[in-house]
Amino acid sequence: MKHLDIKIALTNADMVGTDAVICGWVRTFRESASVAFMELSDGSSFRRLQVVIDKEKVACDAECTKLGASVAVKGTLVKAYKGEGNELNAKEVTLLGACPADYPIQKKRTTLDFLRGIPHLRLRTNTFAAVFRVRSVAAQAIHRYFHDRGYYYINAPLITASDCEGAGEMFRVTTRPWNAADKSEEEYYKKDFFGVKAGLSVSGQLEGEVAATALGKIYTFGPSFRAENSNTTRHLAEFWHVEPEIAFAELPDLLEIEEDLLKYLIRTVLEECPDELAFFDSFVEKGLIEKLTHVANSDFAVCPYTEAISLLEKVKERFKFPVAWGSDLQSEHEKYLTEEVFRRPVFVTDYPKEIKSFYMKQNPDGKTVAAVDLLVPGIGEIIGGSEREADLGKLRAAMEERHMDMAAYRQYLDLRVFGSVPHGGFGLGFERFVMYVTGMENIRDVTLFPRSVKNIM
Ligand code: 4AD
């Protein structure tokens, strides 16, 4: 159907006086004796288009006046009587699809929890439509950022035989039910589709390293899967993962790239989604725009893990989880560091090797690795990354300590055999970024159909 997007119809001053067809869903309808006003949205912009219907001249089916009905309106664009932009003087109103009174999206504000129960309809609300427009703008900005800086876009496989993070959080991929005739796990997998144990990838990093050690700078942007039993507001079983990998990059280079990327993405969202951000600022997180503007214009803090532990130890009685050198930071610790100590994003670097993955570069102190996590207020960890161990002997030793199957990582080890180079990369959780820029507090509200423990609607 030939029609004009509301975003264009609303804002294009040159179109005043021209005829257009607008399609959309009815968001409000009110009328007096002679004139009716209908607000339409078509998803193209936060703002709605007002349609003015002269009741004496234009017939309007009663079904077209109902909240949620879909209509096509032919009319003339005129300068809005009130406010900025244009409105449409209707000549003909056609019903596309009626919407019965039990439409679950009613005008009164409903709870996010209620809307989670109707994921197929919740995008028709202001909040969710705004989240997904921001998400789309951010995704485009990610590709633009890397493309403009000479990175190549790589698609890592989603089915893999190696558990990148080594934490055993993989969903299994199998075509065979367990069979009592199989004497061992090995025998079972031998008869399975791939002939070995396979799963959904938790990260594209290992393949990213393969590409970076040939193409120089690469990034992947795709789904990662984690079968971790973390029923929190920041964990999904399926999330989107941005993973750049850079040859010849050392830890300080990674910090620089991460900060630059995050600021670029924030600036883009501020520039391209002003109406959405104004809405989030008013209804979701007061002061959001100021927070983002401040972050885009100030330096991130840097704090080595050992120093972070000293800061936390000073107030350890405040925390539920113990604070001790060697244990991982819990979200309450991350919250304290970002929201009370530094009050801005903070890079925590050089973690104890025992709590980080096998592939991270071992520091000369023999105790820590060249890892960096970026923590942000309100969310906690948004990026995890490291310089990679480029020394074959050291990498082998780290893998042996973890009793890893060396044969399964032969190709990965080969990268250290043939022209090994210092290199590093990181993973940005895309949903966590969208939470950060929209102020949404639950990760289930920034992805279309969230998958989490006991939840696959
Ligand atoms: O810190 P993670 O586990 O790091 C990696 O996977 C590395 N291989 C990345 C790399 O160096 N290429 O995950 C990276 C980021 C986290 O900081 C977080 O933002 C996000 O991925 N993330 C999740 N997001 C949603 N749900 C989950 N279950 C997540 N697990 C990690």
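The residues on the side of domain 1 that touches domain 2 comprise three nonpolar, three polar and three charged. Zero salt bridges are found across this interface, a salt bridge being a side-chain nitrogen of Lys or Arg within 4 Å of a carboxyl oxygen of Asp or Glu.

This is a predicted model, in which local features need pLDDT of at least 70 and side-chain atom pairs count only at pLDDT 80 or more, while totals for chains, interfaces and linings use all residues. Residues are numbered from 1 along each chain as its sequence is written, and side-chain values use heavy atoms, with hydrogens and water left out.

## Extent of the interface

Domain 1 covers residues 6-103 and domain 2 covers 122-445, with bounds that come from an automatic or database domain assignment. Their centres, taken over C-alpha atoms, are separated by 45 Å. Nine residues of domain 1 are in contact with eight residues of domain 2, contact meaning heavy atoms within 4.5 Å.

Between them the domains bury about 740 Å², 46% of it on carbon and sulfur atoms; buried area is the accessible area (1.4 Å probe) that two parts lose on being put together, summed over both. Of the area that domain 1 buries against domain 2, Arg27, Phe46 and Tyr103 supply 65%, more than any other three residues.

In helix α5 (residues 205-215), Gln205, Leu206, Gly208, Glu209, Ala211 and Ala212 are buried, which means under 20% relative accessible area (1.4 Å probe, protein chains only). These buried residues pack against β9 (217-225), β10 (238-247), α12 and β15 (423-429).

Arg416 lies in helix α12 (residues 410-417) and is buried, with a relative accessible area of 5%. Its side chain reaches the backbone oxygen of Glu389 at 2.8 Å, and the residues that Arg416 touches, not counting those up to four places away in sequence, include Glu209, Asp391 and His423.

## Leu77 in strand β4

Leu77 is found in strand β4 (residues 70-79) and counts as buried at 0% relative accessibility. Leu77 and Ala20 are 57 residues apart in sequence, yet 7.0 Å apart in space, C-alpha to C-alpha. Helices (H or I, at least four residues) and strands (E, at least two) are DSSP runs, numbered from the N terminus.

Methods
Buried < 20%, exposed > 50% of the residue type's maximum accessible area, 1.4 Å probe, protein only. Polar contact = N/O pair within 3.5 Å; in protein donor to acceptor, adjacent residues only side chain to side chain. Nonpolar A, V, L, I, M, F, W, Y, C, P; charged D, E, K, R; others polar.
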